[in-house]
Amino acid sequence: MKKYIFTVVCCLFSFYVSGQKSSQSPPSVYVDGKGVMRWSDTHQETSFFGVNYTLPFAHAYRAMGYLGINRKEAIDRDVYHFARLGFNAYRIHIWDVEVSDKNGNLLENDHLDLLDYLISKLKERGISMVLTAQTNFGNGYPEKNEQTGGFSYDYDKCDVHANTQAIAAQENYIYHLIKHINPYTKKAYKDDTGIVGFEINNEPCHSGTPAQTKQYIDRMLKAMKRAGNKKPVFYNVSHNRQQVEAYYSTNVEGTTYQWYPIGLVAGHTRKGNFLPYVDSYDIPFDQVKGFHSKAKLVYEFDPADITYSYMYPAMTRTFRGAGFQWITQFAYDPIDMAWANTEYQTHFLNLAYTPSKAISMKIAAEAAYAVPRNKSYGTYPNDTVFDAFRVSYQEDLSVMNSSDKFYYSNSTTTQPIAIDKLQSVAGCGSSSVIASEGTGAYFADKLEDGLWRLEVMPDAVQVKDPFEKPSLKKEVVSILWNTWNMKIALPGLGQSFSATGLNEGNTFSQQSSNGNIALRPGVYLLQRDGYVPSTVWQKDTHWKNIFLGEFVAPKASVSSYQVIHTAPKTIEQGTPMRIEATVIGPQKPDSVILYSDKISFWNPRNTYYTMKNVGGYRYETVIPTDDIVGGKFRYTITACRKDSLYTFPAGVAGSPLDWDYYRNNYWESSVVAADIPIRIITPDAEDNDIDTYSMPEWASISRDLILNAPTNESTVKFYVKTQDAGGKLFIRKWIRDDLMAREKRLSTCKYLCMNVIKNEADTLTAGFISTLGYTYKTMINQSKGIIRIPLSGLAQVATALLPCPYPVFLKKYFEPVIKIPFNIKDIESVELTLIPADGKTSTLELGSVWLE
């Protein structure tokens, strides 16, 4: 069970964001005749940005029980972080199976009570809500469903909207849900202005006729009207394309969409430049009658299975360009279980555990509020800079740089455009305004000319792939509380200022030295020497939608040393080997030592390599060329703290030089001659690293590994069958890391080569995807044998957006408008495309693939 630092200040306040307005009771929202959501008091356009968050229900609810966590206190923690990230929107699809019986009667139980409590806490922070009334599926994932007796368990997902009894249960349920009086706000959902509107259901499945679909929606609308609802009602139009006309013929006032641009549930962290994937959001049915009279909302979106921090603002830019006014990511991980990422394996977002991604979300929120609706910024890569925002794959960076705000998701050399006017700074890493070796996020907010509030989160270090199979027995991100020097150059503070702890239990009080000060996680008042504040600022002072002394962070989770490192697969003879590792532990190690497998307890003069700390938890050393001999270089890394030693990858106490050290665990790299070809696919060793995709995605694909040793090399056989004209099989492999280990040889390569054993495809193409996300390929005319493709013959083509995005109506290719020549130094992935004859099964049997 995780423990938390959490300062609670008990006071209610109300706030709503869109133009940063505050009010004791926020205005309602209406949709005008042109499909634009507006505030009822000012009639100005709204723009909402935030998250889905599911703690009152399903696995998150159960996990709090497993971990012994008070659920309401957990909600308090997360909602505070929503406020710090600048969100003004929240959406949830209510698990109707947990709050209803078989007849659709609403159950007053703990799930509903927690939802009510959450709604009240969101209102206190000025965060508006859209409630999706029902999910019509089970509550199990990632566990098995619990039979709760709810009506949705009695019907198939694609029958629940057509079955007469099921519809009657839904009418009853939705009628009572929107009439339900929240005991914390004392308002019925239908009367609560903090609730913008209702979505009837989550991702419906309509298998009947359009007339039946319209009839179902009309019945739901009538039930809601009978209950007294006057709020906008929304409906999902990104599913069931054949029902589009029916959706727009109803009286719903808004339509909801999703976006998962790089698929879902990869089972591992994806790598690459995905900015071309989010260049546009084209809706192919925008000419349907009624389309332009309904508001557009994004109920869920996420670039799944990645840890990068450059995607959220880019997606938000594209959403705003497509006219969306409500944008909510799916899903924010509760802080009490984010260390394991078990709620949704493919999604991972939390301020404490994914700080760079969270700051990127804060920047995306600002983009949602600042970028005009329907404004275009051109085509990628031109649209990576838009208004006050910039995104960069190469830097893994999002930046907001306006006259009063400077936010950055990773270290940046970007300079604030008006540093003297800054009111707010937030970031990870270092900039010219705040520099820190810590890995957590921080927030600096100006209170007066010589007074700032600084909030510093603890460090987060990823120790396992968060997108692998999840378990509450496995920590994927560790938290560390360390003191780091911070170089602070905030306007008005000068080089000499004091820092005073503000959060509960923080008694820190110290002077800076030339703008430098060493700080632990917490909240601090930074005051310029000689400055007298105009008011008294205390921990219970209400400022915007927080109190100054509020602070939420996990306690340290690291009790033993860990070394996080991946060995390069190959190294070249005659080239020094740079080895980098992340080392964490309960205290900073005194030293970190690398030993090769050539050492011996009996040798009084063993060679070792001291790894130098190069910032934070990062260490590196260089192995001289003379020490890299033989066909393999094998090594261990030992963290030393006083008299204690810990050796990895074995993960045991002791040193490889101990007389009784018996472990045979090593990191290992193959040593190859500098002039041999660069192997990029070796089926017997790397079949699991090859990704296969089909287009359309429902085409039948499979593959077999053929072990031909010892007489011949192993091969991998790919099969594809599609009934669709133009159906394709794509074979991709990320090879960037392999190529960077052999940069010298790469610069001399002229051919992409492959050993094709069998090729039944009508068309076979091969080539590469670059760091820009551009694709360069050529057609292969040879049916089998050793095929050598001149790199000079590769041509720029459209990039296939794989895996296929959701919703399925989105485009499947990015068509570049700027011609950029192929550069071998920019290769990230190799790609082969197999186009079979229509309706036939085609086979490609492939041996090794290499560059020479």
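This is a tour of one predicted model, moving from the whole chain to a few selections.

Residues are numbered from 1 along each chain as its sequence is written, and side-chain values use heavy atoms, with hydrogens and water left out. Because the model is predicted, local features need pLDDT of at least 70 and side-chain atom pairs count only at pLDDT 80 or more, while totals for chains, interfaces and linings use all residues.

**Whole protein.** Buried residues make up 60% of the 852; buried means under 20% relative accessible area, with a 1.4 Å probe and protein chains only. Of the contacts (heavy atoms within 4.5 Å) with a separation of 6 or more, 70% are between residues 24 or more positions apart.

**Helix 1.** Select residues 58-66. Seven of these nine residues are buried, so helix 1 is largely enclosed by the rest of the structure. The buried ones are Ala58, His59, Ala60, Tyr61, Arg62, Ala63 and Met64. After helix 1 comes Gly68, with a positive phi near 70 degrees.

**Asp336.** Next, go to the loop between strand 13 (326-329) and helix 9 (355-370), where Asp336 sits. Asp336 is buried, at a relative accessible area of 0%. Show Arg77 as well: its side chain and that of Asp336 are joined by a polar contact of 3.1 Å. A polar contact is a pair of N or O atoms within 3.5 Å; within protein, one must be able to donate a hydrogen and the other to accept it, and residues adjacent in sequence count only if both atoms are side-chain atoms.

**Helices 5 and 6.** Finally, select 164-179 and 210-226, which pack at an angle of about 35 degrees with axes 8 Å apart. Axes are lines fitted to C-alpha atoms over the stretch in contact, and angles run from 0 to 180 degrees between N-to-C directions. On helix 5, the residues in contact include Ile167, Ile174 and Ile178; on helix 6, they include Tyr216, Met220 and Ala223.

Methods
Helices (H or I, at least four residues) and strands (E, at least two) are DSSP runs, numbered from the N terminus. Buried means under 20% relative accessible area, exposed over 50%, partly exposed in between (1.4 Å probe, protein chains only).
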